[in-house]
Amino acid sequence: MAARKTTKKPNISADELKQYYRDMLLIRRFEEKAGQLYGMGLIGGFCHLYIGQEAVVVGLEAAAEEGDKRVTTYRDHGHMLACGMNPDGVMAELTGREGGYSKGKGGSMHMFSTDKHFYGGHGIVGANVPLGAGLAFADKYLENGRVTFTYFGDGAANQGQVYETFNMAALWKLPVVFVIENNQYAMGTSQKRSTSTPDIYTRGEAFGIPGEAVDGMDVLAVKEAGQKAVKHCRDGKGPYILEVKTYRYRGHSMSDPAKYRTREEVQKIREEKDAIEHVRDLLLAGDHATEEDLKAIDKEIKGIVNASADFAKDSPEPATEELWTDIITDVAPQNA
Amino acid sequence: MATEILMPALSPTMEEGTLAKWLVKEGDEVSSGDILAEIETDKATMEFEAVDEGTIGKILIEEGTEGVKVNTPIAVLLEEGEDASDVESATSPAAAPAEADDKEDAKSEEKTPAKAAAPAAPEPDASPDWPEGTEMKTITVREAINTAIAEEMRRDDTVFIMGEEVAEYQGAYKITQGLLDEFGAKRVVDTPITEHGFAGIGVGASWGGLRPIVEFMTFNFAMQAIDQIINSAAKTLYMSGGQMGSPIVFRGPNGAAARVAAQHSQDYAAWYAQVPGLRVVQPYSASDAKGLLKTAIRDPNPVIFLENEILYGKSFEVPVLDDFTIPFGKARIERAGDDVTIVSFGIGMTYAMEAAAKLAEDGVNAEVINLRTLRPIDYDTVIKSVMKTNRCVTVEEGWPVASIGNHISATLMERAFDYLDAPVINCTGKDVPMPYAANLEKLALTSTAEVLEAVRQVTYR
């Protein structure tokens, strides 16, 4: 991972820093709570937590404008919270309840919000990459000036359809930012054992797509790179690749014992690189906030997360009739 | 208030586990993310992390205990300012999780399977496709598809077509001839040879407010893209709880052409017809092709439109109407009769119609039903016909196992068993990859002779 570039006193307002702290903390506490509810049997199936990677989505959302789109993989809770989706609706989807974003029919891996321009939530590794380029294709066709953030992992970066998409996105100059969230492990296989290139963003060069590596544990660095990428897209220059080097603290999914890496490796990153601690340090060192201020934020977040858990437990299971709805529609979509 | 730490479920299937090792002891302070214990699940040994911060007040389950049920309290966590005396308050009420019991209720409400009730005679929509007296014009299936696309592109600016050789080459099978000239390169998009990628881009574009028509040079190549068709296009409406669907048409020639061998000759009718969330159409005539393709382009769901290369050049009468469409799920009785029902679709109809003409010479009046849409299927028209004829033969070019014919047979058994005077016979392609040799290829396909033989059997002649 690249060394931190930011100084102790970045050129950024206290409010903005606090907002990033708050947004990242919301994701972490939400995911911890989700892990707990999984342990209690309230969440079932596959559940992939985002803990450790919070700076990626919070930094990139800071570079997005209203109307920009995003699409991601199955490790999607952080993306949804970062783009402003309601924690209650996300948590209730995790528990498979009527109040969830997909009425309980999608689960952890499949949620959508047309209001927030969030297009899923996809479970097939790599498949969301052409989908994101397709959203960008529509934006270019409709000439609406929007940009699509298409997130995928270092594992997906070895899928063929990613390169089919790179080719067409470059050929047609589609306004899409490909965000490779490189957390260094494709499930249990380290990047070294699966990927021939140490820097995955360099694979864009073959297609003429510019890209760069970004320190994904530094929210300010992510935001800055995101702004550059977005500008490139909005200027009509076509796609841009950001390889955001990050780290997931938890296993691939809830049932992953994570024996492919040492506890010391995880602990070292947590202690030295944690994205939330980083912003916390910036806030305190820059006299932007006191310990008391931060405690108040912690408390607020804890309240939001606990409320979402209560909502998700209290919301009823979907009505049995829901089994048979939403298969075919007669209504023209209002997707865009 | 002191809180209980419960035995966690650490896999989708775990019901109990072994508390292998405690990594904390009573009195230890812990914060969120600290590892509390190692737990052996049905799959592996997992580390169990703290969610809340506090002090370990009491360990309730000793390490080494086997068979600890999920949700059993295993320790008590004290918050700031609490001491051991608060432990009691947490452990006294039985904190039995009630959630699991709810499942029983759901089971009892499970939808009962379709009942084999006394068959009521169905009343299918038997209205004609166009008003009587409409002026007719003879065109090929190719021209019908071409004009359907052009008309819909004129009607709606968000409709565009993409695929290999659709623009400058004017279509590998000349379906898109002239479209580039009229609509320009923005709406008639040549793609690289990259089915998986452009199918996914098409689906994404359909979510972004467009109405894509994705042409596969043949449906054989769509196997490269089938994940996007099924997992992304067909399932999103359901997975999103109805928030967003995929208004997209996947079209192209399907099934055997002539002497193109195993990899270019497969009929995918039964494959796609199995998938909830899709519409599946296989037209036979030029009017089917035109009316149904226009409906497909306007439909808010993903549509699989299975054409046939051999039929492209065949001519049929098409009504001269400003806006001619045919609804999905409506079969067409191409020939009325009382003695036997022949059910087919797509190119299978050529054998069915030829057989019916020959049977008429022998005084056997076959009713020939052209299904046209395979999802949804117009069961009612088939059942009503079989209630009249009491005999049924199905005809298709696809493979025999889990074929459309099998499904029709099963439906007839469920809904019209008492009306059948003979077992239903399915005429299908043979259960082999398509051979190249001319004589073997002919044997691998179904034929008019096979249909005639099947009719002879079901009518006991």
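At what angle do the axes of helix H5 (residues 128-142) of chain A and helix H5 (residues 195-207) of chain B cross? I looked this up in the model, which is a predicted one.

**Entry 1: the helix pair.** I found that the two axes cross at roughly 50° and come within 6 Å. H5(A) and H5(B) are therefore oblique to each other. I noted the crossing of H5(A) past H5(B) as right-handed. On the H5(A) side, I listed A:Pro130, A:Leu131, A:Gly132, A:Ala133, A:Gly134, A:Leu135, A:Phe137 and A:Ala138 as making the contact. H5(B) contributes B:Gly197, B:Gly200, B:Ile201, B:Gly202, B:Val203, B:Gly204, B:Ala205 and B:Trp207. Sorted by class, I recorded 10 nonpolar and 6 polar residues in this helix contact, with no charged residues.

**Entry 2: the chain contact.** I then turned to the contact between the chains, which takes 56 residues from chain A and 56 residues from chain B. On the chain B side, I found that strand S5 (45-49), helix H2 (102-108), H5, helix H6 (226-234) and helix H7 (236-239) each give two or more residues. H5(B) gives the most to that side, with 10 residues. The side of chain B that touches chain A has 26 nonpolar, 23 polar and 7 charged residues.

**Entry 3: the core.** I looked up the largest nonpolar core and found 219 residues in it. A:Met24, A:Val177, B:Ile342, B:Val393 and B:Val451 have the most contacts inside this core. Helix H1 (residues 14-39) of chain A gives the most to the core, with 11 residues. Leaving out residues up to four places away in sequence, I listed B:Ile342, B:Tyr351, B:Ala352, B:Ala355, B:Val393, B:Val395 and B:Cys427 as touching B:Val451.

Definitions and conventions: Residues are numbered from 1 along each chain as its sequence is written. Chains are lettered from A and ligands numbered from 1 in the order in which they are written. This is a predicted model: local features need pLDDT of at least 70, side-chain atom pairs count only at pLDDT 80 or more; totals for chains, interfaces and linings use all residues. Axes are lines fitted to C-alpha atoms, for helices over the stretch in contact, and angles run from 0 to 180 degrees between N-to-C directions. Helices (H or I, at least four residues) and strands (E, at least two) are DSSP runs, numbered from the N terminus. Angles under 35 degrees count as roughly parallel, over 145 as roughly antiparallel, 65 to 115 as roughly perpendicular and the rest as oblique. A crossing is left-handed if the near helix is turned anticlockwise from the far one by less than a right angle, and right-handed if clockwise. Two residues are in contact if their C-beta atoms, placed from the backbone, lie within 7 Å. Ala, Val, Leu, Ile, Met, Phe, Trp, Tyr, Cys and Pro count as nonpolar, Asp, Glu, Lys and Arg as charged, and the others, Gly among them, as polar. A nonpolar core is a set of buried Ala, Val, Leu, Ile, Met, Phe, Trp, Tyr and Cys residues joined through C-beta atoms within 7 Å. A residue is buried if 20 or more other C-beta atoms lie within 10 Å of its own, exposed if 12 or fewer, and partly exposed in between; C-beta atoms are placed from the backbone.
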